[in-house]
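Please consult the sequence and the structure shown below.

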Amino acid sequence: MAPRKTERQLNLVICLLAARRFLSRETIRSSVEGYQGLSDPAFQRMFERDKDDLRDLGIPIETGSNDAFFDDEPGYRILAGDFELPPVEFSQSEQVALGLAAHVFDGAGLAPQASTALGKLQAAGVELGSPGFVQAHLGGDDENAVVVWQALGDRRRIRFDYRQAGQARLVEPWGVLVRRGAWYVYGNDLGRSAPRMFRLSRIAGVVEALEPAAAYELPERSVVEAAASSLEPTGATETALLAIRGSAAAGLRRRGTQTSAGVPEGYTAYEVPYGSVGELAEQAAAAASDVLVLSPAHVRDATLARLRAVAARPLSTERA
Amino acid sequence: MSTSADQVARLLALIPYVQARPGITLTEAAAAFSISERQLMADLWIAFMCGLPGGLPGDLIEVDMDAAEGEGVIRLANAEILSRPLRLVPHEVATLRLALQVVREVAAPESYAAIDSASAKLATMSWEDAPPAVVSIVTGDEGVRQSLVDALSNGRRVRLTYDRGARGDTTEPVVDPASLVVREGYAYLEAWSLERDGWRSYRLDRIVAVRETGEATAMHGVPPKRGDWLADSTGPDVTLRVSANARWIIEYYPVAHTDGDLVTLRVGDPAWLRQLVLRLGDEAEVVAPVEAQDDAVRAAREALAQYAAWTLDS
């Protein structure tokens with residue numbers, strides 16, 4: 001925390017907002033608390049940094065001259081019309097939606113940004129609705145999620161080590177995907193000259209966002225949406241015949257349709273559509289004797305391979 | 001963003017916010033900005049030190065620090081220059097719209113219109129299009145969500161038709177719904193189970209049907225917060241040796257620690273571990289405690305016996 005810096009920057013904003021004309025550096029230096037008593041170079045450095053910091057916050061500091069005919073030193077000011085949030089109005093149900101949105105990033109890296117944004121809306125008269133009985137929370141407490149999200153907004157290239165140190169990737173982020181709580185960045189991998197998907201939790205170390213901003217163009221939104229749908233399970237194209245015991249494996253039963261194929265006592269036959277052999281074999285193996293795969297043979301073999309691997313292990317009582 | 005930058009941004013919203021609400025309490029204002037009251041006091045002390053150039057008493061923002069510290073009430077004046085908040089920057093708009101996308105995943109369909117129009121209004125506040133973000137959460141179907149929101153709004157007891165994950169069977173618990181929650185990418189119903197006489201979480205995608213029983217819900221207090229998955233899994237630690245192909249489990253399940261190819265998981269339910277071992281087959285094996293694997297080994301042997309008894313060729 002740097003209260004002096006915050007104070008100085010806030011005073012600078014107020015000073016420039018109050019200015020009727022462009023203020024010279026000297027005027028600013030003598031008016032704003034915190035700039036006095038500094039050497040020339042120290043003041044210049046501090047003023048430049050403050051200006052950059054404030055512009056990063058979206059504060060429109062304008063540079064110009066009061067007199068177009070004289071090439072005097074440039075001055076600075078903030079026009080209230082550019083600075084201030086124009087009037088906003090949200091209906092009551094929209095305010096409830098914003099009230100719910102307010103807690104989505106609780107405890108996560110994007111929380112300060114969301115709170116400040118909602119603070120601005122509230123300062124403009126918006127009353128956030130009570131969240132009531134819905135709480136939506138989107139992880140992303142990883143510092144890299146914030147860096148990637150910011151870089152995407154600024155269209156900055158990012159550099160990071162993927163999976164292990166020393167394998168640097170240079171990527172132009174095209175979009176962010178959040179699936180089942182996991183964050184992914186999809187973008188143009190410049191080293192491989194092809195689009196790639198990266199899971200943030202597999203990034204080793206920190207993501208570095210590079211200068212400059214606006215370094216590339218974003219593709220159509222549909223490109224990112226297509227990449228997102230590639231993460232979803234493939235649609236079911238095949239059908240397997242399963243014998244399911246009693247009321248077990250409710251998920252598989254609901255996906256399937258009952259048939260009259262011959263099955264052991266206590267079991268019912270179901271035709272179940274599937275997209276991936278491995279996935280269905282995992283589900284069937286997990287259900288053990290509650291689900292028997294009757295056909296096709298390659299799904300049954302994949303299931304049996306899993307069961308045999310486990311059955312071959314000694315029980316704790318069988319160990320020497 | 002550094003803390004100081006966060007604070008400057010916040011003050012540029014906080015000062016107009018409290019000016020528009022004379023006499024607002026510290027508690028209310030801190031909640032509005034999702035900060036602690038202590039942080040809010042630190043912010044007010046900064047505002048108290050700032051103002052128009054000149055530094056004379058009439059130039060400075062007036063904050064009644066005695067009232068803030070003594071009565072917990074904020075009185076701030078002489079800050080007309082900051083009577084409107086700073087515009088939203090494109091990032092902030094994008095972040096709020098991302099949050100609304102998450103809200104939409106758990107909301108009842110009747111709320112879609114309000115969520116979408118709020119998002120569209122935010123979009124007009126930015127001079128740039130929001131960057132593409134796609135959020136996918138495992139949530140229930142719209143009919144289930146709408147029924148649950150109706151029951152919650154009206155305080156109605158319901159009977160769920162629920163497919164249990166670990167055991168794979170279907171149950172029909174009678175519950176008093178308390179809230180819909182999204183965490184770790186899954187949507188849940190938090191509800192009081194009458195049979196279990198306690199709070200239970202039900203995954204929305206496993207709720208097949210919701211029927212009102214005709215009774216009103218009873219008072220049970222507030223469901224416990226289940227923010228931390230690890231803290232919720234109170235079972236023993238089980239260590240598995242995991243092949244490279246099964247390393248993904250580290251990202252999906254509560255991991256206590258890893259050491260090379262050894263992964264130690266927090267196991268809440270033995271049935272869940274049995275299923276995991278069976279699913280992974282030769283990709284993973286329990287190494288300690290060895291008896292933790294017995295259930296899975298017995299289940300695999302029994303299943304193979306069933307297959308042997310019924311060798312149906314297709």
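At what angle do the axes of helix H1 of chain A and helix H3 of chain A cross? They cross at roughly 75° and come within 11 Å. The model is predicted: local features need pLDDT of at least 70, side-chain atom pairs count only at pLDDT 80 or more, and totals for chains, interfaces and linings use all residues. Residues are numbered from 1 along each chain as its sequence is written, while chains are lettered from A and ligands numbered from 1 in the order in which they are written.

**Helix packing**
- H1(A) covers residues 3-18 and H3(A) residues 40-56 (helices are DSSP runs of H or I, at least four residues; strands are runs of E, at least two).
- H1(A) contributes Arg8(A), Gln9(A), Leu12(A) and Val13(A), and H3(A) contributes Asp50(A), Asp53(A) and Leu54(A) (contact: C-beta atoms, placed from the backbone, within 7 Å).

**Sheet in chain B**
- An open sheet has four antiparallel strands in the order S11-S12-S10-S13 (pairing requires at least two DSSP bridges).
- Its edge strands are S11(B), 255-259, and S13(B), 284-288.
- S11(B) is joined to S12(B), residues 262-266, by four bridges, and Thr258(B) stands opposite Val263(B).

**Between the chains**
- The contact involves 106 residues of chain A and 98 residues of chain B; H1(A) supplies the largest share of the chain A side, 12 residues.
- S5(A), residues 168-179, and S3(B), residues 133-136, pair in the parallel sense over four bridges, with Ala133(B) as the bridge partner of Val176(A).

Technical notes:
Axes fitted to C-alpha atoms, helices over the stretch in contact; angles between N-to-C directions. Contact = placed C-beta atoms within 7 Å.
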